[in-house]
Amino acid sequence: MENTSVRHASVHDKDQNASVRDKESVRSCPFDFAQQLEFDPQLKELLTEEPVSRIRMAYGEGEAWLVTRYEDVRTVTTDRRFSRSAVLGRDFPRMTPEPIVQAESINLMDPPASSRLRSLVAKSFTPRRVEQMREGTQRVVDRLLDGMEDEGSPADFVARVSSPLPLITICEALDIPEADRPWLRAHALTMMNVGAAGKEDAVRAKAELRGYFTELTAERRRSPGQDLISTLATARDGEELLDDKELAVMAMVLLITGQDTTTYELGNIAHTLLTRPQLLKTLQAEPERLPRTIEELLRHIPFRKGVGIPRIAMEDVELGGVAIKAGDVVHVSYLTANRDPAKFDRPDELDPDRPSIPHMTFGWGAHHCLGAPLATMELEVAFSTLLARFPALRLDAAPEDIRWNTTSIWRYPLALPVTW
């Protein structure tokens with residue numbers, strides 16, 4: 001079914017709509033901009049000058065469309081004329097040498113198939129369940145900050161807090177043995193690298209992770225406990241259960257997504273606050289402003305590069321005055337949607353007091369991240385505790401001396417020296 005809120009006409013009306021055009025120019029988009037947390041100038045240019053553009057990427061066959069405006073991104077992510085599942089079997093344009101996604105993953109499903117899995121997974125991320133996890137997260141944060149304080153000033157916030165916290169939190173939620181965690185983290189990182197030389201390593205890492213979770217989920221299905229995997233293994237939607245492959249891939253997805261975004265946002269938000277002393281001072285004086293401020297930081301910070309998983313146009317569609325043909329690959333940029341001046345006043349400014357408009361950092365539509373409440377809770381617990389315990393916290397390096405990741409799809413500081 002077509003989303004009835006979509007106002008875009010079919011390209012079959014082209015004769016009656018002279019504004020619809022076929023795109024001839026194609027841009028090369030390596031999406032390799034990684035200068036601290038500045039916004040990618042190429043993405044900014046596309047949003048401003050060519051909001052629906054034709055692009056080539058570093059890996060994959062052929063070309064793709066890139067959709068950059070907020071409302072157009074919302075259309076592509078909610079209109080069933082655009083399909084995620086149709087990318088299966090295609091060497092689609094992408095940023096990594098090996099596709100990160102897997103066939104049984106919810107990330108490659110369309111409604112109504114994805115609705116069944118989302119309903120089952122959502123039982124693990126209810127507000128009540130996330131609130132129950134807050135106490136455990138608080139204990140982890142307190143323990144990590146104790147270690148940072150015991151080590152003494154200066155300390156590396158990345159090594160002491162932002163790197164271990166999400167991994168510990170999701171692994172405890174999944175009840176993954178502590179001895180396995182460094183191996184799992186290393187494999188997840190390998191899958192995200194963008195260098196062509198890493199393709200074989202990425203293929204091997206994905207296969208080994210899948211094998212690990214196939215064994216682990218089979219064990220939890222035989223002998224369930226109180227962890228998230230056991231909850232998923234036993235969760236029912238009517239008579240429906242996740243099958244064995246779906247369960248293994250879902251556990252793997254939870255491990256990867258449950259630590260990636262939060263790890264990098266912890267470092268990025270810490271850097272942003274520490275380079276804006278007035279904002280830091282305001283939050284310390286008025287801690288009740290933290291949740292709203294975190295939402296604005298999530299909107300404002302370009303925590304990744306480029307784009308993620310594309311969709312395929314299932315029929316001819318007109319979008320933003322451009323003719324998209326059936327079978328075309330269509331990428332969206334949540335980064336540019338978060339900076340669209342048609343949606344956000346002064347979009348390039350960091351303004352915690354701006355009107356509350358939903359950002360797209362956790363995606364949109366049928367593929368909005370189910371773990372977003374967990375990630376937000378972790379950020380709130382980490383920063384509320386950090387600001388209360390270390391009121392004199394400040395950077396122990398010049399901002400230009402901070403080293404940033406340049407080898408993967410993510411943007412984040414490799415180290416963040418702090419003192420108090």
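Visitor: At what angle do helix α8 and α10 pack?
Guide: This is a predicted model, so everything here is computed from its atoms. Helix α8 covers residues 199-222, and its axis lies 8 Å from that of α10. The crossing of the two is right-handed. The packing angle is about 115°.

Visitor: How many nonpolar residues are there in the contact of α8 with α10?
Guide: From α8 the contact draws on Lys206, Leu209, Arg210, Phe213, Thr214, Thr217 and Arg221. From α10 come Asp244, Lys245, Leu247, Ala248, Val249, Ala251, Met252, Leu255 and Ile256. By class, 2 of the contact residues are polar and 5 are charged. The nonpolar count is 9.

Visitor: And α10 with α14: at roughly what angle do their axes cross?
Guide: Here too the crossing is right-handed. The two axes come within 10 Å, and the crossing angle is roughly 35°.

Visitor: Let's turn to the rings. How many aromatic pairs are there, and how are tyrosine 264 and tyrosine 412 arranged: stacked or edge-to-face?
Guide: The count comes to 9 aromatic pairs. For tyrosine 264 and tyrosine 412, the centres are 4.1 Å apart and the planes make 20°. Planes under 30 degrees apart count as stacked. That makes the arrangement of tyrosine 264 and tyrosine 412 stacked.

Visitor: How many residues apart are tyrosine 264 and tyrosine 412?
Guide: Tyrosine 264 belongs to helix α10, residues 244-274, while tyrosine 412 is in the loop between β10 and β11. Both tyrosine 264 and tyrosine 412 are buried. The pair links distant parts of the chain, and the separation is 148 residues.

Visitor: Why is the pair of phenylalanine 390 and tryptophan 420 edge-to-face?
Guide: The two ring centres are 4.9 Å apart. An edge-to-face pair needs planes over 60 degrees apart. The planes of phenylalanine 390 and tryptophan 420 pass that cut-off, so the pair is edge-to-face, at 65°.

Visitor: With which residues is aspartate 260 in contact, leaving aside neighbours within four places in sequence?
Guide: Aspartate 260 lies in helix α10. Aspartate 260 is buried, with a relative accessible area of 2%. Beyond its sequence neighbours, its contacts are Arg185, Met192 and Trp410.

Visitor: What separates the C-alpha atoms of arginine 56 and phenylalanine 213?
Guide: Arginine 56 is found in strand β2, residues 52-56. Its relative accessible area is 43%, which makes arginine 56 partly exposed. Along the chain, arginine 56 and phenylalanine 213 are 157 residues apart, and their C-alpha atoms are separated by 34 Å.

Visitor: Where is the peptide bond from serine 153 to proline 154 placed, and what is its omega near?
Guide: Most peptide bonds are trans. The bond from serine 153 to proline 154 is cis. Proline 154 is found in the loop between α4 and β5, and omega is near 0°.

Visitor: What is phi of arginine 346 near?
Guide: Most residues other than glycine have a negative phi. Arginine 346, in the loop between α13 and α14, has a positive value. With a relative accessible area of 34%, arginine 346 is partly exposed. Its phi is near 45°.

Definitions and conventions: Residues are numbered from 1 along each chain as its sequence is written. This is a predicted model: local features need pLDDT of at least 70, side-chain atom pairs count only at pLDDT 80 or more; totals for chains, interfaces and linings use all residues. Side-chain values use heavy atoms; hydrogens and water are left out. Rings of Phe, Tyr and Trp (its six-membered ring) pair if their centres lie within 6.5 Å; planes under 30 degrees apart count as stacked, over 60 as edge-to-face and the rest as tilted. Helices (H or I, at least four residues) and strands (E, at least two) are DSSP runs, numbered from the N terminus. Buried means under 20% relative accessible area, exposed over 50%, partly exposed in between (1.4 Å probe, protein chains only). Contact means heavy atoms within 4.5 Å. Axes are lines fitted to C-alpha atoms, for helices over the stretch in contact, and angles run from 0 to 180 degrees between N-to-C directions. A crossing is left-handed if the near helix is turned anticlockwise from the far one by less than a right angle, and right-handed if clockwise. Ala, Val, Leu, Ile, Met, Phe, Trp, Tyr, Cys and Pro count as nonpolar, Asp, Glu, Lys and Arg as charged, and the others, Gly among them, as polar.
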